[in-house]
Amino acid sequence: MSAAPRPEPDSQVAAWARARVERVRRHLTPVPAGPRAGARRLLLVHLDGVPRAVLDTALRSGSMPFLAGLVRSGAYHLERAFWGSPAATPAFQAGLLYGLRHPDLPGYSWFDRALGREVAMNHPQDTRAIEARLGRRSSSRLLEGGGHTYFSLFRGDAGNQLCMSTLGSAERMARGLVPEFRGVLAGRRDGALRAAGTLARETGRALGEVSRWARALGDWRHEPGFLVSRVLLQRLGWGFAHTKAVVDMARGVPLIYLVFGNYDETAHRRGPRSPLALAELQCVDASLADLDAVSRALEQPYDIVLVTDHGHVEAEPLEQRGGRRLAAALLEGPPRKVPPEVVRGLRDGRPTPVDVPGPVPGAPVVVEAGNFAHVYLAREPRPMEAEVLLAHFPEALGRALAHPDLAIVVLRRGEGFVAVVGGGVYGPDDVAQAPLSPGFSREALADLLRELPHMPNAGDLILYGREVGEDRTVGFAWEFGSHGGLTHTETDSLVCWPAHAPLDLRALSHASQLHERLCEVYRC
């Protein structure tokens with residue numbers, strides 16, 4: 001059965017695309033075909049943090065008319081995907097770019113036991129160190145052989161340098177940015193003066209919005225950083241990346257990985273269903289229309305594939321609810337006993353030990369990773385076993401289990417991991433019986449428990465905030481949209497691909513499977 005034809009692009013957009021392709025080719029030489037001569041070309045667009053439910057609503061409501069038209073026409077398939085635990089960009093990109101099923105990336109930030117310090121993937125030096133580790137473990141990189149990436153965390157052997165890890169080296173960044181500016185003016189939709197005027201207006205609007213929000217909330221701590229992100233990353237940065245994708249397509253770069261992070265950044269600071277976040281979906285829809293028109297203007301079009309890596313739930317910060325951050329709630333105050341039924345579940349029939357050796361000492365570290373947290377109570381090379389926690393840190397475990405805003409406490413039992421929910425202890429095969437709130441995904445919890453034995457960098461305790469309304473949880477970081485947790489909204493992702501392409505992206509259950517299927521078609 002033949003695929004349905006794609007809707008024709010707007011005539012003005014089509015004319016603009018033809019003119020851009022011709023102009024780029026007048027200024028720049030085509031990319032040499034190399035070993036991928038004759039292979040299909042791919043533009044992979046990563047919609048960072050967009051919940052499946054939010055995207056579905058945008059398609060139905062008409063706020064993303066271009067993408068909705070592709071899906072309604074039958075020219076594109078739109079399917080659910082599950083990428084594995086945790087529901088965070090680093091783990092997703094490790095699977096996508098490097099094909100790694102067990103990358104040992106517990107979130108966006110964590111205490112790295114090998115490095116001996118806390119790391120965060122918005123710190124270029126940290127990202128570069130983790131990228132080197134991933135590269136040593138991988139034998140397959142999606143972007144090797146001439147692919148380009150824009151705004152990913154990791155480079156994945158791309159032929160250009162525009163990702164978070166390259167910012168950790170001034171030399172690499174300077175060397176890599178020079179070629180990035182070639183052809184940019186030829187690929188832009190508007191001229192330099194008009195672009196500068198637009199940026200000035202956007203900056204003024206952002207200043208006003210940030211001021212209003214901070215005054216209403218009574219808290220300015222994250223607003224300077226959000227303002228910088230809003231202007232430099234979401235406006236200037238995305239415009240640059242979109243333009244570079246146009247240039248790359250006109251030149252014939254074989255595989256382009258384009259990360260749209262505007263929605264994710266805005267959802268963290270304003271909430272996933274805020275007007276500011278939803279407006280970013282309209283922005284990306286217009287960009288997709290441009291890129292599709294450019295593809296159609298080429299002799300060898302690109303297959304345009306869209307993926308989301310995780311969703312966002314609305315978050316109520318713990319500090320805002322109770323006046324204390326998580327570290328104080330766990331490590332200070334009167335001790336709380338671990339309930340006897342939890343002790344029995346953690347011992348799982350084992351006799352009470354006479355003496356349990358103490359762990360390698362170290363100051364506790366609590367990493368507030370969103371609506372979940374990793375708690376490191378000592379400096380063991382992997383998460384502490386339950387008997388060690390019961391013997392040496394019963395107060396911290398007791399406080400976690402008694403805290404009214406915590407729904408799930410995860411820790412190691414023997415060589416596996418269990419979740420304490422509602423006073424019961426559940427392994428990965430028992431999750432169906434756990435008294436989870438409706439918003440939590442049993443599939444995601446079971447997957448997490450099976451993944452954790454492969455994750456030595458996970459905390460000794462892994463904590464998840466409880467539901468406080470539909471599609472809303474307690475968060476530990478000071479943010480109003482969170483991800484990385486275990487709700488359906490965070491863990492249900494999607495993939496959208498052209499029906500005419502020789503691809504089958506149905507029933508994906510890990511990002512490494514997406515890597516494999518894309519490599520089969522686009523790395524020949």
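Which side chains does a polar contact of 2.6 Å join? They are the side chains of His46 and Tyr257, where a polar contact is a pair of N or O atoms within 3.5 Å; within protein, one must be able to donate a hydrogen and the other to accept it, and residues adjacent in sequence count only if both atoms are side-chain atoms. This is a predicted model, in which local features need pLDDT of at least 70, side-chain atom pairs count only at pLDDT 80 or more, and totals for chains, interfaces and linings use all residues. Residues are numbered from 1 along each chain as its sequence is written, and side-chain values use heavy atoms, with hydrogens and water left out.

- You can find His46 in strand 1 (residues 41-47); helices (H or I, at least four residues) and strands (E, at least two) are DSSP runs, numbered from the N terminus.
- His46 counts as buried because its relative accessibility is 0%; buried means under 20% relative accessible area, exposed over 50%, and partly exposed in between (1.4 Å probe, protein chains only).
- The side chain of His46 also makes a polar contact of 3.0 Å with the side chain of Asp309.
- Leaving aside neighbours within four places in sequence, His46 is in contact with residues including Thr89, Phe92, Leu258 and Val307, contact meaning heavy atoms within 4.5 Å.

**Helix 3**

- Phe66, Leu67, Ala68, Gly69 and Leu70 are buried in helix 3.
- Among the elements covering these buried residues are helix 2 (52-61), strand 2, helix 11, strand 7 (302-308) and strand 17 (493-498).
- Just after helix 3, Gly74 has a positive phi of about 85°.
- Ser73 sits in the loop between helix 3 and strand 2 (76-81), and with a relative accessible area of 28% Ser73 is partly exposed.
- Ser73 and Ser295 are 222 residues apart along the chain, and their C-alpha atoms are separated by 18 Å.

**Two partners of helix 11**

- The axes of helix 3 (residues 65-72) and helix 11 come within 7 Å and cross at roughly 60°; axes are lines fitted to C-alpha atoms, for helices over the stretch in contact, and angles run from 0 to 180 degrees between N-to-C directions.
- Helix 3 and helix 11 are therefore oblique to each other; angles under 35 degrees count as roughly parallel, over 145 as roughly antiparallel, 65 to 115 as roughly perpendicular and the rest as oblique.
- Pro65, Phe66 and Leu67 of helix 3 meet Asp285, Leu288, Ala289 and Asp292 of helix 11 in this contact.
- Helix 10 (residues 262-270) packs with helix 11 (residues 275-296) at an angle of about 170°, their axes 8 Å apart.
- Helix 10 and helix 11 are therefore roughly antiparallel to each other.
- Helix 10 brings Asn262, Tyr263, Thr266, Ala267 and Arg270 to the contact, and helix 11 brings Leu276, Ala277, Glu280 and Leu281.

**Nonpolar cores**

- The largest nonpolar core has 51 residues, and Leu43, Met64, Leu67, Met249, Leu258, Tyr263 and Leu306 touch the most other members; such a core is a set of buried Ala, Val, Leu, Ile, Met, Phe, Trp, Tyr and Cys residues joined through side-chain atoms within 4.5 Å.
- Apart from that core lies another, of 42 residues, with Leu105, Trp497, Ala501 and Leu503 among them.

**An exposed residue**

- Arg212 is part of helix 8 (residues 192-217), and Arg212 counts as exposed at 52% relative accessibility.
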